[in-house]
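Please look through the structure shown below, and keep it in view while reading the briefing that follows. The points are grouped by topic.

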Amino acid sequence: MDEKPIGYINYWWVAEDEDFNPLYPAIAVGTDQFIGVPELIGKGLGSEFVRIFTDQLLNRPDIALVITDPDVDNHSAIRCYEKVGFRKSRRLVTSEGEVQLLEKKPNQNAL
């Protein structure tokens, strides 16, 4: 923001993650992100940056699904993802604890 880093976002191929690969096809990616500037949290920036990034991913011909996996108690993150078109899938216990899986497909409308 204004040429200064405010956070982080990446994607990874689900097929390469043993917690998720049996659940999803090879054309699925997962995404992780955070805003690292505390005073910018809760201002809508996270929703916008997740929306833009995941829409770009879903425009690629080799990606048909994006997942994310916040902690089940991270209600603000879950709401953020739902606002940009993710839908709750299932809860899953992973190597990092219990997560809420959310999925976004091409042309999936936000809430």
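Helices, of at least four residues, and strands, of at least two, are runs assigned by DSSP and numbered from the N terminus, and a residue belongs to the lining of a pocket when it has an atom within 4 Å of one of the pocket's points. With those terms in hand, α2 gives the most to the lining of the largest pocket, with 6 residues. The model is predicted, and every value below is computed from it.

**Overall build**

- The chain contains 2 helices and 5 strands, and when read from the N terminus on, these elements follow the order β-β-α-β-α-β-β.
- The radius of gyration of the chain is 14 Å, close to the 13 Å that the globule rule gives for 111 residues, and the chain is therefore as compact as a globular protein of that length.
- Along its principal axes, the C-alpha trace of the chain spans about 40 × 30 × 25 Å.

**Contacts and surface**

**The largest pocket**

- About 490 Å³ of space lies in the largest pocket, and of the 24 residues that line this pocket, the closest to its centre are Gly46, Ser76, Ala77, Cys80 and Tyr81.
- At least two residues of the lining come from each of β2 (28–35), α1 (45–58) and α2 (75–83).
- Sorted by class, the lining of the largest pocket has 10 nonpolar, 9 polar and 5 charged residues.

**The second largest pocket**

- The second largest pocket holds about 200 Å³ of space, and the residues that line it include Trp12, Phe20, Pro70 and Val99 as well as Asp17, Asp19, Asp32, Asp69, Asp71 and Glu96.
- Thr94 and Ser95 are also among the residues that line the second largest pocket, and by class its lining has 4 nonpolar, 2 polar and 6 charged residues.

**A residue to look at: Glu3**

- Glu3 is found in the segment before β1 (7–13), and this residue has a positive phi of about 70° although it is not a glycine.
- Glu3 has a relative accessible area of 82%, and because exposed means over 50%, Glu3 counts as exposed.

Terms used: Residues are numbered from 1 along each chain as its sequence is written. This is a predicted model: local features need pLDDT of at least 70, side-chain atom pairs count only at pLDDT 80 or more; totals for chains, interfaces and linings use all residues. Side-chain values use heavy atoms; hydrogens and water are left out. On a 1 Å grid over the protein atoms alone, a cavity is a set of points where a 1.4 Å probe fits but cannot get out, and a pocket is an open set with protein on both sides within 12 Å along at least five of seven lines; lining residues have an atom within 4 Å of a point. Grid points are joined across faces, edges and corners, and a volume is the space filled by probe spheres set on the points. Ala, Val, Leu, Ile, Met, Phe, Trp, Tyr, Cys and Pro count as nonpolar, Asp, Glu, Lys and Arg as charged, and the others, Gly among them, as polar. The radius of gyration is taken over C-alpha atoms; the globule rule is 2.2 Å times the number of residues to the power 0.38. Buried means under 20% relative accessible area, exposed over 50%, partly exposed in between (1.4 Å probe, protein chains only).
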